[in-house]
Amino acid sequence: MSTETTHDLNIDRSVGDFHYDVDYEFDAGTGLTERTIDFISDVKKDPDWIREFRKDALRKFESMPMPTHWASRDLDNIIFDNIRYYLSQGTQPKRSWDDVPEDVKNTFERLGIPEQERKYLAGVEAQFDSEAAYSNIKAAVGEQGVIFVGSTEGLQKHPEIFRKWFGKVIPTGDNKFSALNSAVFSGGSFIYIPPGVKVKHPLQAYFRINAENFGQFERTLIIADEGSEVMYMEGCTAPKFETSTLHSAVVELVALKGAKIQYITVQNWSANVFNLVTKRGLAHEEAEIKWIDCNIGSRLTMKYPGVIMKGRKARGEVISIALAGDGQHQDTGAKMIHAADETTSNIVSKSISLGSGRSTYRGMVQIGRHLKGCKNNTECDALLINTNSRTDTYPAITVRGKENACQHEASVSKISAEQIFYMQQRGIPEAAAMSLAVNGFVNDLVQQFPLEYSVELKRLIDLEMEGSVG
Amino acid sequence: MSTTLMEKPTEPCHTDWPAWFAAGREEALRDYEATPAPTRKDEAWRFANIGNLDLTSFVPAPPVASEGRLINGSQGLEDVSAKMVFGNNALLHREAGGLPEGVIFAPIESAVLEHEAIFRKYFMAQPVELGSHKYAALHRANVSGGALLYVPPGVVVSLPVEIFHWSEGGGSSVYPHTLVVCGENSRVTVLDYFKSADGLRAFACGVNDLHLEAGAKLTYIAVQDWARESLAFHLNSTIVGKDAVSTALTANFGGGFVRGESLSRLVGEGARSEMFSINPAEGTREIDQRTLQDHVAPHASSDLLYLNALDDRSRTIFAGLIKVQPGAAGTDAYQKVRNLILSDDADPNSMPGLEILNDDVRCTHGATNGPLDEEELFYMQARGIGRDAARRLIVNGFFNTLLERIGPQDLRDYLGGLVARRLAIG
């Protein structure tokens, strides 16, 4: 069995105390076949319907072409045979703090990440000791009847709720990568909020990661029952120092009548990662689903959070910030499908391209015929920092019915020389002035993030800006 | 899908093309046959009803039967400097008395012989890049009717030049071609009309290419009024040199399925291209427009405004792209599509795109969809104007906001009259 899968990493995994348990119960090996699926299902003790679901997904994944007719051709550089699709707990490659590159350590330092978390984030420790924090949250919300567990536990212990919605918002064959996720998913969260319960604390995946191995192929399902409210947060501003190059999550949200779900993501991937994520919510009558999304880092991120507004007066919103550093491509956007009267949606997207970075907004807005009183507003603004930076906007808008309205606006600009000059006049160095200007550009969106995120985001933008000026 | 169209020689009278041109036609035919037909998966054909592209029912156009009627029906502006009339790909009529010295205004069949240098340099020099490469090849393989207009440097053609292209007979295939070359600092206005003699379904596959050398100023108006069931391609490219200004307006009054592709390439510093379109859509008409504003040179500007009014079960597709190349610092580009929705069954699709590879730009784009203003309707109804007439008046006003961008006044008034007539007003 191979011990080395990919070579384009910042670290050499053969250095250090790297090993796989001889007992191959924990390692599915590289490549993806039906045997891999059986292996995963055996280890996870999947019920039969999940095993079949996975196998069906594998067939779909294999039959679907890579979407390079519209997406980046860089996707063709993913070698599926070299990928390890399942590593269970305790079989993650081990690595010592000394192996972690200096720049990653410096970033932790500058962001003020606590010592203990740094080790976890750097992949030095498979688990960091937040079990207590997770238990507290679990206990607090558990009293209200909230279920907050891993996806495996969810499907095993709460099949009556899980099965009803799993794969219903994002069908397996939605796209090639949702099919891949459906075949090999592990990890992710399952959350159920009972009717009328308003969860005070934001639920954080951050605290739950260690309960189950944070996988490459997370599967998250959140169901907010009638009139309930929940805020879910995943990721953090610190760079996630990754050894696996392909991440493909599927996140499904279901907001029943009058429910509200806010899903907040802040991700900062290392520059070798393909991050290809499918996220979609289903909003019933008067329900509200809001995606707040911040994408930093990665080699290629493709992510278009969507909301299907199925019930009257449902509301969908996507707030997104993308920062494409040198050599990176942030291909992000939003999908808004209006399928009932008086549904409203709002998309605000801001992107920043640094160096040779490329940020792309791709959007879809659909308002069906014979609907009344639907409205969409889309704004996307792009900021280019260097002359070789790139930005693209590819919206697709189909708004039918004469009682609906939609507007889309986009602008592209660079930081005004006058602004920078003004600040320099007052003794602010050029680099700091640029950072201030960039922070000003995204400020109104950053304020929508929870406080601790918004503070870290600002620091992170400062950091990313360094070296890109002059 | 369209091989039946190619089995017979299309224009038996034109067997005497010069060798280079004949070779080009043969090569284009091979290109047409080798190029796969568009599929639903092609991004350049997204949202389009590919089923509309079936060419099997079309045949080569026979010579026209009603020459006099077509010539007499070719009435545009009152005062023009020159006019040409084509019917089913053949030249029917030509008058060029008002042109200044040195201006070349020739049908293709004589341009290939008498003005070979100019014609060869510009004829289909710009590849068709926005999805219809196959149909551009079909055009090139069959083209015979069409005109070359060359305005030498410094020459100002004060009165407009008009070209009429007619289709006659059910199933006829026509390949109208217009090639305008404006020398340095020249000025000219061209009106290109596309008309049906009998309202019968025809196939039109036209190319119009506009070339503006430094400082030239061109106003190009295309009034497309094919039969309401016709299948039409109009493939345009506009190459704009230093400080030159192109203003182009396409009015799609006719056609059942119209595929328009417009590419503006700004190759000289300070160049400007204005791209306008007026599209009244009703019935089951589908107007599919793809545009590219390609900024190659620095400090150039482009401004696109497309207006669609959709009634009944009509469809429109707008897919536009502003592309700012790495060297195009100081670009100022604007792109806007506005859809006025008059019916619940209408289907407007908008894809306003940007690709920006330089940071020193000002680019904005927008797309709006909106219904008729009920208050305006009520206001007019309260004053005794019927609901239907009021609707048409509002649509007319909507289109007139665009005509205000076109000069001079008499041309604008004339176009306003055409729009009003199309909407059956007054």
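1. Contact, as used in this note, means that the C-beta atoms of two residues, placed from the backbone, lie within 7 Å. The model is predicted. On that contact criterion, domain 1 of chain B brings 18 residues up against 15 residues of domain 2 of chain B. The contributing strands of domain 1 of chain B, each with at least two residues on the side touching domain 2 of chain B, are E11 (217-225), E13 (245-252), E15 (272-281) and E17 (301-310). E15(B) gives the most, with four residues. The class count for this side of domain 1 of chain B is 15 nonpolar, two polar and one charged.

2. In chain B, the domain assignment puts domain 1 at 3-371 and domain 2 at 372-426. Taken over C-alpha atoms, the centres of domain 1 of chain B and domain 2 of chain B are 26 Å apart.

3. Chain A also has a two-domain division: domain 1 covers 118-415 and domain 2 covers 416-470. Their contact draws 22 residues from domain 1 of chain A and 19 residues from domain 2 of chain A. On the domain 1 side, at least two residues each come from strands E8 (260-269), E10 (288-297), E13 (315-324) and E15 (344-353) of chain A. By class, this side of domain 1 of chain A holds 16 nonpolar, five polar and one charged.

4. Now the chain-chain interface. Chain A places 35 residues in contact with 34 residues of chain B. On the chain A side, two or more residues come from each of E17, E18 (390-399) and E19 (403-414). E19(A) gives the most, with eleven residues. The chain A side comprises 13 nonpolar, 14 polar and eight charged residues.

5. Strand pairing crosses between the chains. E19(A) runs antiparallel to strand E21 (residues 361-371) of chain B, and seven bridges join the two. For a landmark when viewing, take A:Ala410, which stands opposite B:His365 in E21(B).

6. Consider the core next. The largest nonpolar core counts 237 residues. Within this core, the residues with the most contacts are A:Ile191, A:Ala224, A:Leu253 and A:Ala255. Leaving aside residues up to four places away in sequence, A:Ile191 touches A:Ile147, A:Phe148, A:Leu203, A:Ile222, A:Val230 and A:Tyr232.

7. Some backbone geometry deserves a look. Most residues other than glycine have a negative phi, and most peptide bonds are trans. A:His370 has a positive phi, near 65°. The loop that holds A:His370 lies between strand E16 (358-367) and strand E17 (372-384) of chain A. A:His370 counts as exposed because it has 10 C-beta neighbours inside 10 Å, and the cut-off for exposed is 12 or fewer.

8. B:Phe47 is another non-glycine residue with positive phi, near 75°. Its loop connects helix H2 (19-34) and strand E1 (59-60) of chain B. B:Phe47 has 19 C-beta neighbours inside 10 Å, so it counts as partly exposed; buried would need 20 or more.

9. Finally, check the peptide bond from B:Gly407 to B:Pro408. This bond is cis, with omega near -5°. B:Pro408 sits in the loop between helix H8 (387-403) and helix H9 (409-422) of chain B.

Methods. Residues are numbered from 1 along each chain as its sequence is written. Chains are lettered from A and ligands numbered from 1 in the order in which they are written. This is a predicted model: local features need pLDDT of at least 70, side-chain atom pairs count only at pLDDT 80 or more; totals for chains, interfaces and linings use all residues. Domain bounds come from an automatic or database domain assignment. Ala, Val, Leu, Ile, Met, Phe, Trp, Tyr, Cys and Pro count as nonpolar, Asp, Glu, Lys and Arg as charged, and the others, Gly among them, as polar. A nonpolar core is a set of buried Ala, Val, Leu, Ile, Met, Phe, Trp, Tyr and Cys residues joined through C-beta atoms within 7 Å. Two strands pair if DSSP finds at least two bridges between them.
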